[in-house]
Amino acid sequence: SLELEKWNQFQAYELVEDQGQDKIDGRWVVNKKEAHDGLKAPIKARYCLRGFKELNKPRSDSPTVDRVSTKLLYAIAGNEGWKLESIDITSAFLQGSDLDRDIYVKPPKEAGMDGYLWKMRKAAYGLYDAGRRWWIRVMEVMTELGGKTLVGDESMVVFHKDGKLIGLIGLHVDDFQGTGNDLFFRNVMDQICQRFKISKREYQDFRFTGVDVSGSDDGNV
């Protein structure tokens with residue numbers, strides 16, 4: 001399936017022999033995701049692990065951008081006449097930072113791997129810290145690109161050049177919303193699309209956290 005192909009693409013696990021290790025399993029979750037135009041996208045199947053079966057519960061908090069910070073981003077975009085951009089990351093949790101503990105998973109029968117287990121490298125969907133491992137990886141990239149979090153909001157990242165603000169990004173799990181000057185788009189947004197596998201990149205007219213956003217060349221948002 002396409003889902004299992006993504007697990008392989010992002011090297012989410014290492015295949016090991018089943019020697020009686022403590023393990024968890026998973027289940028398929030099928031849903032439809034609403035598109036920007038309000039229509040339903042094709043049915044999507046995702047394999048989610050039963051993370052509640054883990055004996056020890058890891059730290060799981062993962063900040064998302066505050067609504068006040070989002071309004072600040074729009075205000076700055078309008079005041080500076082900057083364009084808006086949205087990036088959607090595909091299979092985000094599978095692109096997160098590597099796990100720091102051993103988790104063994106019984107593969108679904110569709111994988112055809114009887115007698116083997118998955119030793120997880122990534123915090124896939126269903127694990128308690130899946131969101132946090134993803135956020136940690138995102139913040140690593142943001143720091144490498146020169147970003148700093150806004151005081152009071154760990155998911156609003158600001159970028160400066162020679163002491164002057166050139167752009168900022170609001171983070172909501174796998175949805176990124178940014179605004180800035182041309183240098184910002186070249187050095188930050190373009191680089192993000194190189195570091196992560198994305199599903200779409202939209203300019204000036206998109207949906208972010210359920211809100212329709214529209215920017216214009218004259219600075220109105």
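Q: Which residues are exposed on the other side of α4?
A: In this predicted model, Asp182 and Gln194 are exposed on the other side of α4, where exposed means over 50% relative accessible area, buried means under 20%, and partly exposed lies in between, with a 1.4 Å probe and protein chains only. Helices (H or I, at least four residues) and strands (E, at least two) are DSSP runs, numbered from the N terminus.

Q: What makes the buried residues of α4 line one face of the helix?
A: The residues Phe184, Phe185, Val188, Met189, Ile192 and Cys193 of α4 are buried. Seen down the axis of α4, these buried residues fall within an arc of 130°, so they line one face of the helix; the arc is that of the directions from the helix axis to the C-beta atoms.

Q: How do you know that the span of α4 agrees with its 14 residues?
A: The expected span is 1.5 Å times one less than the number of residues, and for residues 182–195 this should be 20 Å, which agrees with end C-alpha atoms that are 19 Å apart.

Q: Why is Gln204 called buried?
A: Gln204 has a relative accessible area of 12%, and is therefore buried; its place is in the loop between β11 and β12 (205–208).

Q: Why is Asp162 called exposed?
A: Asp162, found in the loop between β8 and β9, has a relative accessible area of 76% and is therefore exposed.

Residues are numbered from 1 along each chain as its sequence is written. Local features need pLDDT of at least 70, side-chain atom pairs count only at pLDDT 80 or more, totals for chains, interfaces and linings use all residues, and side-chain values use heavy atoms, with hydrogens and water left out.
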